[in-house]
Amino acid sequence: MPIRRRHWLIVAALFVIVLVVSVPGSRDTILRSAGHLLVVSPSSEKSADIIVVAIDAQSGGTLKAADLVHAGVSNRVAVFDDPPTPADLEFIRRGLPYDDRAVTSTNQLHLLGIQNVEQVPRRTSGSEEEGEILPAWCAQHGYRTVVLVASADHSRRLSRILRRSDRTSGIRTTVVSSPWSSFNPDSWWTTRAGIRTGIVESEKLLLDCVRHPFS
């Protein structure tokens, strides 16, 4: 997308947000609806070959994945590995103990009673990469149905990304959001962190819709 066009989309989105905030009567209702646009609709998935915790889901995703296992959706969970940052490498070089996010998630799942935990290798962070490497990894291991647990604010866009990947891979991926995400669609505009997340994710979702209108 040309930079100028992207710039005007961002300006338009910010203008709408400012306009909505300035109208007290309908503000909360409109902003609540905007928040829910970022969150994927609840899923009634009953079973899957594997449950995967998305890169951004963190501890909330781990809890949701464990609940899905106990509900009988699948008996195995996968987490994305966590390539070390330069700071992480320095901790390792100095001989200090260091557990990356994947190790932490795996330990949490074990404590929650989940023993079958695998790791999905990745190069960098990013939702677009999930759409590239998750279907290939699932095909390699023979998994045809997947439930992916994501953070609430990221779930709608991630669902669109994986829907496009599934068309070519033959994998069926269902995205569910964690109820323990830091983003609350019913009150996101009441905190500075929520506003920042809401604006950034709305912009990303808007750009994804413009680039892929039929996802």
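In which loop is Gln 115 found? Gln 115 sits in the loop between H5 and E3. Helices (H or I, at least four residues) and strands (E, at least two) are DSSP runs, numbered from the N terminus. Gln 115 is exposed, with a relative accessible area of 55%. Exposed here means over 50% relative accessible area, buried under 20%, and partly exposed in between (1.4 Å probe, protein chains only). The C-alpha atoms of Gln 115 and Asn 75 are 8.6 Å apart in space, although 40 residues separate the two in sequence.

The model is predicted; local features need pLDDT of at least 70, side-chain atom pairs count only at pLDDT 80 or more, and totals for chains, interfaces and linings use all residues. Residues are numbered from 1 along each chain as its sequence is written, and side-chain values use heavy atoms, with hydrogens and water left out. The mean pLDDT (the predictor's confidence in each residue, from 0 to 100) is 87 for the protein. A value of 70 or more is reached by 86% of the residues. Confidence is lowest in helix H1 (residues 3-21), with a mean of 57. It is highest in E1, at 97.

The protein contains eight helices and five strands. Along the sequence they follow the pattern α-α-β-α-β-α-α-β-α-β-α-β-α. Of the 215 residues, 41% count as buried. Contact means heavy atoms within 4.5 Å. Among contacts with a separation of 6 or more, 79% come from residues 24 or more positions apart.

The five strands form an open sheet in the order E3-E2-E1-E4-E5, with parallel pairing. Two strands pair if DSSP finds at least two bridges between them. E3 and E5 (172-177) stand at the edges with a single partner strand each, so one side of each is left without a neighbour in the sheet. Neighbouring strands are turned by 25 degrees against each other on average, direction ignored. Axes are lines fitted to C-alpha atoms, for helices over the stretch in contact, and angles run from 0 to 180 degrees between N-to-C directions.

Strand E2 (residues 77-80) pairs on both sides. Three bridges join E2 to strand E1 (residues 50-53), and the two run parallel. Ile 51 stands opposite Val 77 in E2. Val 53 has Val 79 as its bridge partner in E2. Four bridges link E2 to strand E3 (residues 117-120), again in the parallel sense. There, the bridge partner of Val 79 is Gln 119. In a regular strand the side chains alternate between the two faces of the sheet. In E2, Val 77 and Val 79 point one way, and Ala 78 and Phe 80 the other way. All four are buried.

E1, helix H3 (residues 58-70) and E2 make a right-handed β-α-β unit. Right-handed means that, with the strands pointing away from the viewer, the path from the first strand over the helix to the second runs clockwise. H3 lies across E1, E2, E4 (145-150) and E5, running at about 170 degrees to E1. Helix H5 (residues 101-111) also packs on the sheet and touches E2 and E3. The direction of H5 makes about 160 degrees with that of E2.

The largest nonpolar core has 37 residues. Such a core is a set of buried Ala, Val, Leu, Ile, Met, Phe, Trp, Tyr and Cys residues joined through side-chain atoms within 4.5 Å. Ile 51, Val 52, Val 77, Leu 134, Trp 137 and Leu 148 have the most contacts inside it. Two or more residues each come from E1, H3, E2, H5, H6 (127-141), E4, H7 (152-169) and E5. E4 gives the most, with five residues. Apart from this core lies another of eight residues, among them Leu 38, Trp 188, Trp 189 and Leu 205. Beyond its neighbours within four places in sequence, Val 77 is in contact with residues including Ile 50, Ala 65, Leu 109 and Val 117.

Leu 37 is found in helix H2 (residues 24-37) and is exposed, at 54% relative accessibility. Neighbours within four places aside, Leu 37 is in contact with Arg 156 and Leu 205. Arg 164 lies in helix H7 and is buried, with a relative accessible area of 18%.
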